Amino acid sequence: MAEEEEVDVLLQRVVKDINNAFKRNPNIDEVGLIACPEARYNRSPVVLVDNKLGLESWCVKLLLPYVHNRLLRYRQHKLWLDREALLDITCTLLLLNPDFTTAWNVRKELLQSGALRPERDLYLGQLALTKFPKSPETWIHRRWVLQQVLREGCVGDRKLPVGPAPGPAPQDRLQRTLNAEMKVCSDAAGRYPSNYNAWSHRIWVLENMAKGNLKVLHDELYSMRVWVSMHVSDHSGFHYRQFLLKALVQELSQSPGSPPPSPDHQANGEGGATPLEGLSWVAGAPQLFQQEMELCSDLIQAYPGHETLWSHRRHVFYLWHHWRREHPGQDSPHPNTPTRGSSPPLSPASQSGLALEEDGDPLDTKRLRRGPPLPSELGFVAGVLDGCSTEQGRFARAYRKWLDSVIGQ
């Protein structure tokens, strides 16, 4: 009995050490375990170096059941804990096991009672995701907290762990929260391949915090070029890019204004859209399709044999194919619209689905002014099949067969 009490005292001290570490350094940006199967020194297992918080692994098997049981006893009304103790217990528990729903529910109650600020919970979730980047309960709770933030219309004045210092305007604070969420999602996606939970959360954030915001959608689309170029097998990342493309095309087709900025324009740090005289938002949609197909072509040729890239190309072509039907006469030479004399013979199905421009046609010249012509899809596939690997050839032939089926509809 005396030994159990001694262990409880030790574990209470560890819980306090973890929470005191956050008080000493409010800028902690990562948590993790330190491989140490047994206690070798008479010191605290909590290690704080710079902005990194570590916990020696020997104490986890003792600490996790301890905080878990205390919280359950509290929920069963067998143990009384004040608010500060609840915050300490749930913080420690969620850093060790962020999928424990009861702990998040307790923090929801504390937040609704005013004992906990939303940004403090967002910060805890961000730290938990550095160790468990796919934790579904963490992402679910994060969305709940953001809904509270949106309902209030602003974020508190505590300095967030990422982003600039808070400003006076609620809209500015909301924008910083949006930027912080984008960074949290990017970090989690980089730590776990094809992190569906992180990308789904990122889509949710845009749909609820930046709906219809063309600038945010453009910035996301162009900033993602680098990420997908470095993660060519990440299906979830490309699915997010497809969401951005579809959302942009829908907004561009409904909103009057200027066409979207080019990647070079964005890279030069110039904000807003490029003011091209005489063009509508609808004219910007073909440019988006063209840029996306060019990116796809570069990646397929640079990284052969990746099915994700071919799947993404199918989706982009499919989006363009349906957009072209809904907006006849408004598309520029398109991701798969070949010109005569520049591509191999097309099948009857292909000829019925793709508009061919005659050389020197005034209409063709007018369309070319909207943007540089895009290569023929069939010509691209033929070029890929010329001396490619077995795996790349299999994907290219499957894509060509799929093209005939879609164009022939």
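**Figure 1. Overview of the predicted chain and its contacts.** Of the contacts in the chain between residues at least 6 apart in sequence, 65% join residues at least 24 apart, a contact being defined as heavy atoms within 4.5 Å. The structure is a predicted model in which local features need pLDDT of at least 70 and side-chain atom pairs count only at pLDDT 80 or more, whereas totals for chains, interfaces and linings use all residues. Residues are numbered from 1 along each chain as its sequence is written, and side-chain values use heavy atoms, with hydrogens and water left out. The chain contains 17 helices and three strands; these are DSSP runs numbered from the N terminus, helices being H or I of at least four residues and strands E of at least two. Buried residues account for 47% of the 409 residues in the chain. Here, buried denotes under 20% relative accessible area, exposed over 50%, and partly exposed in between (1.4 Å probe, protein chains only).

**Figure 2. Confidence along the chain.** The pLDDT, which is the predictor's confidence in each residue from 0 to 100, averages 80 over the chain, and 76% of the residues score at least 70. Over residues 257–283 the pLDDT is below 50, and this stretch has 56 contacts in the model beyond near neighbours in sequence. Residues 333–375 also stay under 50 in pLDDT, and the model has 75 contacts for them beyond four places in sequence. Where pLDDT is low, the predicted coordinates should not be read in detail.

**Figure 3. The three-stranded sheet.** Three strands form an open sheet of mixed pairing, in the order β1-β3-β2. The edge strands, each pairing on one side only, are β1 (30–34) and β2 (46–49). On average, neighbouring strands of this sheet are turned by 25° against each other, direction ignored; axes are lines fitted to C-alpha atoms, for helices over the stretch in contact, and angles run from 0 to 180 degrees between N-to-C directions. Two strands are taken to pair if DSSP finds at least two bridges between them. Strand β3 (residues 52–56) pairs with β1 in the parallel sense over five bridges, and with β2 in the antiparallel sense over four bridges.

**Figure 4. Residue partners at β3.** Two residues lie between the strands in the hairpin of β2 and β3, where D50 takes a positive phi near 55°.

Figure 5. In one of them, D121 pairs with R107, the closest N and O atoms being 2.5 Å apart. D121 lies in helix α5 (residues 118–131) and R107 in helix α4 (residues 101–112), so the pair ties together parts that are 14 residues apart in sequence. D121 is buried at a relative accessible area of 2%, and R107 is likewise buried at 2%. Another salt bridge joins E292 to R241, with the closest N and O atoms 2.6 Å apart. This pair links distant parts of the chain, E292 being in helix α12 (residues 281–302) and R241 in helix α10 (residues 235–254), 51 residues apart. Both E292 and R241 are buried.

Figure 6. R394 forms a salt bridge with E391, and their closest N and O atoms are 2.7 Å apart. Both residues lie in helix α17 (residues 390–407), three residues apart, about one turn of the helix. R394 is partly exposed at 45% relative accessibility, and E391 is partly exposed with a relative accessible area of 36%.

**Figure 7. Surroundings of R202.** R202 is located in helix α8 (residues 196–209) and counts as buried at 4% relative accessibility. Leaving aside neighbours within four places in sequence, R202 is in contact with M182, C185, S186, E220, M224 and Y240.

Figure 8. With a disulfide defined as a pair of cysteine sulfur atoms within 2.5 Å, the count comes to zero disulfides. C296 is buried, with a relative accessible area of 1%, whereas C388 counts as partly exposed at 28% relative accessibility.

Definitions and conventions
A salt bridge is a side-chain nitrogen of Lys or Arg within 4 Å of a carboxyl oxygen of Asp or Glu.
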